[in-house]
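Please consult the sequence and the model shown here while reading.

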Amino acid sequence: MVKRSSWSIPYFIFLVLFVVLPLLLVFIYAVQDGSGRFTLSNVTRFFTDKDALSTFALSIEIAIENTAICILLGYPAAWILANRKLNRSAVTIVLFILPMWINALMRTLATAELFNVFGIALGKGTLLFGMVYDYLPFMIYPIYNTLLKMDPSYAEAAEDLGAKPASVFWKVTVPLSMPGVMSGILMVFMPTVSTFAISEFLTNNKIKLFGTIIQENINSSMWNYGAALSLIMLIIIGLTTLFSDSEKTGTEGGMI
């Protein structure tokens, strides 16, 4: 009989071809010049490129604002969806899933057309609206899944000890749901920094994000600098993921 481990071979091949190899090519292009010689000038150029640095700072600013809005809107929505007393129908959950069945680019184009129909000038406000519309489900569902799996006995024990509903929420529910919040932040913050299509269509390319700079360099055949910017983005994502994991571990350990 075929060993069970052999079933993992197709997945291993897929990971090598479509994950490891592309990342390796990004690294190789990032540390080479146009002649194929080793250099770190592409990476160091980023720290002296005022345009790239200002775009990166703006991307971080918009990502923080988008993530904050998604938390403010997403946490109450996730709490209501997970509360069996307030939400007894699966239809409500499906309504939040429905937008994700449509391609993100199509949703962005439709949003831009709505702004044009109503005569709303495209700018940072329309960009944030589109960002929240596209990424809000990615904030809701990690929090929703965490709240849904939460043992209700913790809240019941707090109530039995005399805690008021507000105290139960802030001192029991919120701390226990922080792993879901951290996952939601990671799923919203980093894609916001690296996106380019949403900013292009919802601001008429008036506002450029970090992903736009990468796209422009690649389209201009400046593969090495574009790869270096992508590598910097990957490093930031990796550090953010490590920080998120450490926060989750610290939260779970503190609760235990």
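In which loop is the place of N205? N205 sits in the loop between helix 10 (197-202) and helix 11, where helices are DSSP runs of H or I with at least four residues, numbered from the N terminus. The model is predicted, so local features need pLDDT of at least 70 and side-chain atom pairs count only at pLDDT 80 or more, while totals for chains, interfaces and linings use all residues. Residues are numbered from 1 along each chain as its sequence is written, and side-chain values use heavy atoms, with hydrogens and water left out.

**Loop residues with positive phi**

- N205 is not a glycine, yet its phi is positive, at about 65 degrees.
- N205 counts as partly exposed because its relative accessibility is 33% (buried is under 20% relative accessible area, exposed over 50%, partly exposed in between, with a 1.4 Å probe and protein chains only).
- S221, in the loop between helix 11 and helix 12, is also a residue other than glycine with a positive phi, near 65 degrees.
- With a relative accessible area of 54%, S221 is exposed.

**Largest pocket**

- The largest pocket has a volume of about 630 Å³; a pocket is an open set of points on a 1 Å grid over the protein atoms alone, where a 1.4 Å probe fits, with protein on both sides within 12 Å along at least five of seven lines.
- A volume is the space filled by probe spheres set on the points, which are joined across faces, edges and corners.
- This pocket is lined by 18 residues, of which W79, N83, P152, A155 and T173 are the closest to its centre (lining residues have an atom within 4 Å of a point).
- Helix 3 (50-82), helix 6 (124-149), helix 7 (153-160) and helix 8 (165-176) each give two or more residues to this lining.
- The lining divides into eleven nonpolar, two polar and five charged residues (Ala, Val, Leu, Ile, Met, Phe, Trp, Tyr, Cys and Pro are nonpolar; Asp, Glu, Lys and Arg are charged; the others, Gly among them, are polar).

**Second largest pocket**

- The second largest pocket holds about 160 Å³ of space.
- Its lining includes L23, V26, F196, I214 and M233.
- Helix 12 supplies the largest share of this lining, four residues.

**Helix 1**

- The end C-alpha atoms of helix 1 are 30 Å apart, in agreement with the 32 Å that its 22 residues should span at 1.5 Å a residue (the expected span is 1.5 Å times one less than the number of residues).
- Helix 1 bends by about 35 degrees at V16, the bend being the angle between axes fitted to the seven residues ending there and the seven starting there.
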